[in-house]
Amino acid sequence: MIRILHTADLHLGSVFPEFYGQAANRRADQLATFDRIIALAVSRQVHLLLVAGDLFASPWPAKEVVDCVQAGFKRLLANGILPVILPGRSDTLRTADGVYGRNVFENVLVLDPHRLECVTLDIGGQSLHLHAGLAEGDQIVWPASDQGETAGVHVGLLHLPGVTASDGDADRLIESVPWRNGKGGYLVAGGLHNYREWLEDGRIVGCCPGSPEGLSFAEQGVRYCVMCCLGSGQPNIEKLPVNKRFFEEKSLDVSDFRSMKRILDMIRSFGNPDLLMRVTLTGQANMVLNTQVLQQQAADAFCYLEINDKTPLLGSALLKKLACSDSMCSLLVRKAQAKAACLPVAERPLLEEAVRDILERCQPLGGDQ
Ligand SMILES: [Mn+2]
């Protein structure tokens with residue numbers, strides 16, 4: 001039995017410009033997740049760790065990132081585990097001075113997809129053929145050989161183009177795997193940032209584990225690397241959770257909340273230091289919501305918090321009430337409503353944003369306390 005642990009799309013050293021103060025912490029999380037993958041490879045006593053592209057976020061990762069990866073690979077090699085890397089789009093080999101061209105990873109097998117390589121390894125007397133495929137545009141090219149016929153286990157490595165490729169596109173690409181009709185073949189894929197597996201007649205023929213540490217709100221929930229056992233029978237896979245933190249999105253209908261304090265308490269009740277959370281406020285608010293104040297006062301309950309206010313303002317029952325009141329804001333509200341009525345629909349959000357901004361300042365804590 002050949003045991004393989006495979007991952008892809010770690011994007012170590014990502015810049016994370018959208019996460020403000022959390023960017024450095026996220027980079028540390030990524031390295032912690034990389035270490036967890038190394039530890040899993042060791043504890044599961046695999047023969048190979050395969051990375052199907054985008055190990056690094058760029059071909060020129062920072063020294064501390066390279067140091068951490070070097071240390072991890074050394075640990076694997078000391079345990080008789082071979083690291084195999086297929087460069088991806090982010091850490092392409094096509095850059096002369098890139099990380100893979102500097103001989104920094106001794107005894108690590110780096111496959112060049114542009115060379116259409118097929119490498120055969122001897123794993124405890126069993127032949128393992130590693131085929132590095134190249135996905136470009138809407139085509140995949142595989143090394144030309146009599147691969148389907150050669151005895152042993154066949155594993156293809158492929159970095160698929162575009163994280164946004166639709167399921168159908170990916171399926172169509174996968175259909176081109178030349179040894180898929182042979183026995184024991186398996187495809188290790190990267191490039192899709194969320195988990196995907198491909199079955200044929202109930203038998204697993206390939207798997208893309210997704211990013212092991214989410215990079216954005218498009219990569220939510222538990223993240224995995226995949227353990228695969230290959231031998232004479234069907235491949236057998238196991239999903240192993242590896243992520244340090246979790247992305248999650250929630251929508252909160254605020255129609256029944258009478259104060260900002262209540263909304264704040266509710267958002268805080270979702271809190272978890274391992275959560276990168278996006279809360280979207282919906283419904284009809286009973287007060288002018290100040291998302292900045294909510295965000296500031298709830299942020300410490302999360303690793304990262306983002307609040308989006310999608311409640312309507314101009315035209316809401318709240319503003320109708322405000323327009324008729326004798327408060328300082330009523331004149332502003334009436335003028336804004338009159339202005340909105342003659343503005344093209346596309347320009348109303350800007351006006352709404354301006355009115356919201358002013359009203360927030362007039363009523364910083366809003367509603368009944
Ligand atoms: Mn990627």
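Q: How is burial read, and what percentage of the residues in the protein chain is buried?
A: A residue is buried if 20 or more other C-beta atoms lie within 10 Å of its own, exposed if 12 or fewer, and partly exposed in between, with C-beta atoms placed from the backbone. Of the 369 residues in the protein chain, 37% are buried. This is a predicted model, in which local features need pLDDT of at least 70, side-chain atom pairs count only at pLDDT 80 or more, and totals for chains, interfaces and linings use all residues. Residues are numbered from 1 along each chain as its sequence is written.

Q: Why does aspartate 169 count as partly exposed?
A: Aspartate 169 has 15 C-beta neighbours inside 10 Å and therefore counts as partly exposed. Aspartate 169 belongs to helix α3 (residues 167-174); helices (H or I, at least four residues) and strands (E, at least two) are DSSP runs, numbered from the N terminus.

Q: How many helices and strands are there in the protein chain?
A: The protein chain has eight helices and 17 strands.

Q: Why is the protein chain described as more spread out than a compact globule?
A: The radius of gyration is taken over C-alpha atoms, and the globule rule is 2.2 Å times the number of residues to the power 0.38. For 369 residues the rule gives 21 Å, whereas the protein chain has a radius of gyration of 26 Å, well over that value, so it is more spread out than a compact globule. Along the principal axes, its C-alpha atoms fill a box of roughly 85 × 40 × 40 Å.

Q: Into which domains is the protein chain divided?
A: Domain bounds come from an automatic or database domain assignment. Here they give domain 1 (2-241) and domain 2 (246-362). The C-alpha centres of the two domains lie 43 Å apart.

Q: How many residues of domain 1 are in contact with domain 2?
A: Two residues are in contact if their C-beta atoms, placed from the backbone, lie within 7 Å. Seven residues of domain 1 are in contact with seven residues of domain 2.

Q: How are the axes of α1 and α2 arranged?
A: Axes are lines fitted to C-alpha atoms, for helices over the stretch in contact, and angles run from 0 to 180 degrees between N-to-C directions. Helix α1 (residues 23-43) and helix α2 (residues 63-78) have axes that come within 10 Å and cross at roughly 5°. Angles under 35 degrees count as roughly parallel, over 145 as roughly antiparallel, 65 to 115 as roughly perpendicular and the rest as oblique; α1 and α2 are therefore roughly parallel to each other. Among the residues making the contact are Phe34 of α1 and Val69 of α2.
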